[in-house]
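Have the coordinates open in a viewer as you read.

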Amino acid sequence: MVEDGAPAGGRREVRLVVGGMAHDFDFVRMELLRALGEDERNRVAVSSTFEEFGGDPQTALVSYTCNVEPSPEAALRLRSFVENGGRWLALHATNSLLEWRDEGVAGRPASGDFLETLGSSFQAHPPIGPYEVRPGPVADPLTAGIAPFTIEDELYLSDYADEVEVLLHARFGGAAPGFVRDRWPQGEQAVLYRRSLGSGEVLYFTPGHARGHYDAPHRTPFYPHVERGAWQEPAFREVLKRCLGWVCREPVIEGEKA
């Protein structure tokens, strides 16, 4: 049975926002379109900013952006969208609004309509490397049957605007070179969280870094390493598939044990 907002056999509107800087958005856009295209009811409108999104709560919103800040008007639409029952799946760097300073890269405070709606603000990550992702502490159908798994990706270290339900987490403490906040105490970091706001929800999944040879002009004209991060890990793909089902208001069906 399909939940409210996506009648069985009916067209489903999806808005995919992919764009910004420092990532291989062509790769990510195609991966997400391929995954969403597995259900022929999904009719996907694609944009690189949030300005084109009208805010209909029945539209599924999926974003993968970096340093894309909506206008004040668009930020208010996003907040109203969630408060009025919308579902927003935010991926990887959507909460990254960055400033380059002499002392390093800094993230914005977790305030203002955009970041407060998301519920978090990126501050730093350690160098790309392997880390273990574990379910919990909140149990949820989205992570049922998911065993701990290891990915090689950017582990996001964020500040939070409000309490969130952490569905997947990873433990970290140590250095995050290149960022203003470059030392982090040992503790649990959210990898997948849910934020309720009004009658709607935000689901935030932080892995999924991707970068090709030409995606870091702020550093170099030719980036030597193609990075695909967690996209190469089946467990990441399984969780992402469930998250896409969630945002499209499909019942969560546990797949193969990851």
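What follows is a short walk through a predicted model.

Start with the charges. Side chains of opposite charge can pair when their charged atoms come close. The model holds 23 salt bridges.

Arg12 has another partner. Its side chain also forms a salt bridge with Glu250, at 2.8 Å from N to O. Here the link spans 238 residues, from Arg12 in strand β1 to Glu250 in the segment after α4. Arg12 and Glu250 are both buried.

Now take another pair. Arg134 forms a salt bridge with Glu132, and their closest N and O atoms are 3.9 Å apart.

Turn to the backbone. Most residues other than glycine have a negative phi, and most peptide bonds are trans. Which residues go against this? Ala22 has a phi near 70°, a positive value in a residue other than glycine. Ala22 lies in the loop between β1 (12-20) and α1. Its relative accessible area is 10%, so Ala22 is buried. Arg249 is not a glycine either, yet its phi is positive, at about 65°. Arg249 counts as buried because its relative accessibility is 11%, and the limit for buried is under 20%.

One peptide bond also stands out. The bond from Gly136 to Pro137 is cis, with omega near 5°. Pro137 is in the loop between β8 (129-135) and β9 (149-153).

Next, look at His92. It is found in the loop between β4 (87-91) and β5 (98-101). How much relative accessible area does His92 have? The value is 0%, so His92 is buried. Leaving aside residues up to four places away in sequence, His92 touches a set that includes His23, Tyr64, Asp153, Glu154, Tyr156 and His209. The stretch Tyr204, Phe205, Thr206, Pro207 and Gly208 is also among its contacts.

Finish with the open space. The largest pocket holds about 600 Å³. It is lined by 23 residues, and those nearest its centre are Ala35, Glu38, Lys241, Arg242 and Gly245. Which helix gives the most to this lining? It is α4, with 8 residues. Both α1 (25-36) and α4 (234-247) supply at least two residues each. By class, the lining of the largest pocket has 10 nonpolar, 3 polar and 10 charged residues.

The second largest pocket holds about 360 Å³. It is lined by 23 residues, with His125, Glu154, Phe179, Arg211 and Arg219 closest to its centre. Glu154 is also one of the residues that His92 touches. The lining of the second largest pocket divides into 14 nonpolar, 5 polar and 4 charged residues.

Methods
Residues numbered from 1 in each chain as written. Predicted model: local features only at pLDDT ≥ 70, side-chain atom pairs only at ≥ 80, totals over all residues. Heavy atoms only, no water. Helix = DSSP H or I, 4+ residues; strand = E, 2+ residues; numbered from the N terminus. Buried < 20%, exposed > 50% of the residue type's maximum accessible area, 1.4 Å probe, protein only. Contact = heavy atoms within 4.5 Å. 1 Å grid on protein atoms, 1.4 Å probe; cavity = no way out; pocket = protein on both sides within 12 Å on 5 of 7 lines; lining within 4 Å. Points joined across faces, edges and corners; volume = space filled by probe spheres on them. Nonpolar A, V, L, I, M, F, W, Y, C, P; charged D, E, K, R; others polar. Salt bridge = Lys/Arg side-chain N within 4 Å of Asp/Glu carboxyl O.
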